[in-house]
Amino acid sequence: MLVLEYKVKGKQQQYRAIDEAIRTTQFIRNKAIRHWMDAPKEQKVDKIALNNYSTALRKEFGFVKNLNSMACQAATERAWLSIARFYDNCKAKKPGKKGFPRFQKDNRSVEYKTSGWSLHPTKRRIAFTDKKGIGELKLLGKWDIHTYPVKLIKRVRLVRRADGYYCQFAVDVEVKTERRIGNDEIGLDVGLEYFYSDSNGHHQENPRFLRKAEKAIKHAQRQIYKKEKGKNQRRKARHRYARKHLRVNRQRNEHAKRIARNLCKSNDLVAYENLNVKGMVKNHCLAKCINDVAWTLFRRWLEYFAVKFNTTVVAVNPRMTSQKCSDCGTIVKKSLSTRTHRCSCGCELQRDVNAAINILNLARARDGQSRSNATGVGTATLIGETLLEQVAT
Ligand SMILES: [Zn+2]
C-alpha cells in the first residue's frame, strides 16, 4: 500500500463541512464502542455486528445518514480496531494495562473507501459526493494520483492539521524496491553527543534546528497561558503553538528519513542498539535528548527503507557494547564521562565508535533469531506524513 498526500484547498464553508464529517466519524466510532460495552454478555459484538450497527445509526440520525455509507463503516471499523487490540492484549496476557477502548475526543480525520468521492478526469481535483456538502476540493501537491487506476485507490482520507486540511490516498501497489548502491556493513551507536556514531568512525551531528525550535515552542506555549481562558486571543495563541509544533515534527521527520534512507541505500547490513526508549524516557534529562535525536522515528524509517532497498537491519542487545574492547574482547570499564576507549591490547578508539564496532560484530554473529523487526509489516503505511501522524499522536 502506498500513501500519497495532498494539501487541499477549498472555501471556508467546505472546511466546515469537512469538520462536520470528522465529527460524525467520531460520533459513530464512539457510539460503536458504547454499543460494544453495553451489549449483554451472551450477545457477540464483532466486526460484522458493528457494521450492522452503523446501518442502524444511519436510520436513527440524519447527520449520520448524510455521510457516505462506506465512510460510516470505516468509522465502526476504527472502533473494532481498538476493541480487537484490547482483546489481543488480553489474550497475549500482556503485562500492565490492556488498552481498554476509550472514547475519542480529538478525532482529526474522516475516511472514505471506494465510494462517496470522484476524481476529476484531468485536473487535480476531488469531489465528495455524499450529503455532507464538502464538494469539490483542489489538490495541491507534487504527486500524480492520476497515474494510478482509480480501482487501485482503496481509501481516501481527509485529515485536519494545524495548518490546514489534507487528503491522503491509499493506493494498492507494491512499494518499489530501489537499487542499493553499496554493500557495506555498518554498526550504529546512539549517543547523546551525536545523533549516532558509526563503526567507520563517522559521527553524525545532532540536528541543531531542534534546539532552536524548542525555544520558540516554549515561548509560544507560555503565550497561551498569558491569555485569558475562553478568549479569542488564547485560541489564536494555541493555534500558533500547534503550528510551530507541526513544523518541528516535520523537520525532525525529514531529518530522520534522509539519514535512514542514505544508510539503507549504501549498506547491506545496518546494525543498531535495541534501545528500550520507553524505559529510558523516565530519566528526565535523557528524555529530552532522546526526544531530540528522534530515535524512534529514525528507527522506524530504517525499517521502512530496509524493505525498500532490501537491506538487512538488525537490532542487537546493547549490553556491554560500550565496555568491551572491539579488538580483543576484554572488558574495559569506563564511566559515562570517559570519552576514549583505551585497551591494554593497544586498541584506542573514540568511545562510541568502539561501541558501534561491537554492535556490528554482534549483528554479524547473530543466530537468526535476533533478525530485524523489519518484516515490512506495518511499514507500508509509513510513508511521509502518515508516519509523522502516527508518531505525533
Ligand atoms: Zn583490546
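What spacing do the donors of the zinc ion follow along the chain? They follow C-x2-C-x14-C-x1-C. Donors here are N, O and S atoms within 2.8 Å of the metal (3.2 Å for Na, K and Ca), and water is not among the atoms, so sites may look incomplete.

Before going on, the ground rules. This is a predicted model, in which local features need pLDDT of at least 70, side-chain atom pairs count only at pLDDT 80 or more, and totals for chains, interfaces and linings use all residues. Residues are numbered from 1 along each chain as its sequence is written, and side-chain values use heavy atoms, with hydrogens and water left out.

Back to the zinc. The ion is coordinated by the SG atoms of Cys325, Cys328, Cys343 and Cys345, at 2.2 to 2.3 Å. The arrangement is tetrahedral because the four donor atoms subtend angles of 106 to 116°; the cut-off for four donors is that all angles lie between 85 and 135 degrees. Ideal angles for four tetrahedral donors are 109.5 degrees. Cys343 counts as buried, at 11% relative accessibility, while Cys345 is partly exposed at 39%. Buried means under 20% relative accessible area, exposed over 50%, and partly exposed in between (1.4 Å probe, protein chains only).

Next, confidence. The mean pLDDT, the predictor's confidence in each residue from 0 to 100, is 84 for the protein, and 87% of its residues reach 70 or more. Over residues 367–393 the pLDDT is below 50, and this stretch has 54 contacts in the model beyond near neighbours in sequence. Contact means heavy atoms within 4.5 Å.

Now helix 9, residues 295–309. Helices (H or I, at least four residues) are DSSP runs, numbered from the N terminus.

Last, the cores. A nonpolar core is a set of buried Ala, Val, Leu, Ile, Met, Phe, Trp, Tyr and Cys residues joined through side-chain atoms within 4.5 Å. The largest has 45 residues, and Phe169 is one of those with the most contacts inside it. Helix 1, residues 12–38, gives the most to this core, with nine residues. Apart from it lies another core, of 23 residues, with Trp295 and Leu302 among them.

Helix 1 also holds Asp19. That residue is buried, with a relative accessible area of 10%, and touches Arg160 and Tyr165, not counting residues up to four places away in sequence.

Conventions. Four donors count as tetrahedral if all angles lie between 85 and 135 degrees; four count as square planar and six as octahedral if opposite donors are over 155 degrees apart and all others between 65 and 115; anything else is irregular. Helices (H or I, at least four residues) and strands (E, at least two) are DSSP runs, numbered from the N terminus. The expected span of a helix is 1.5 Å times one less than its number of residues.
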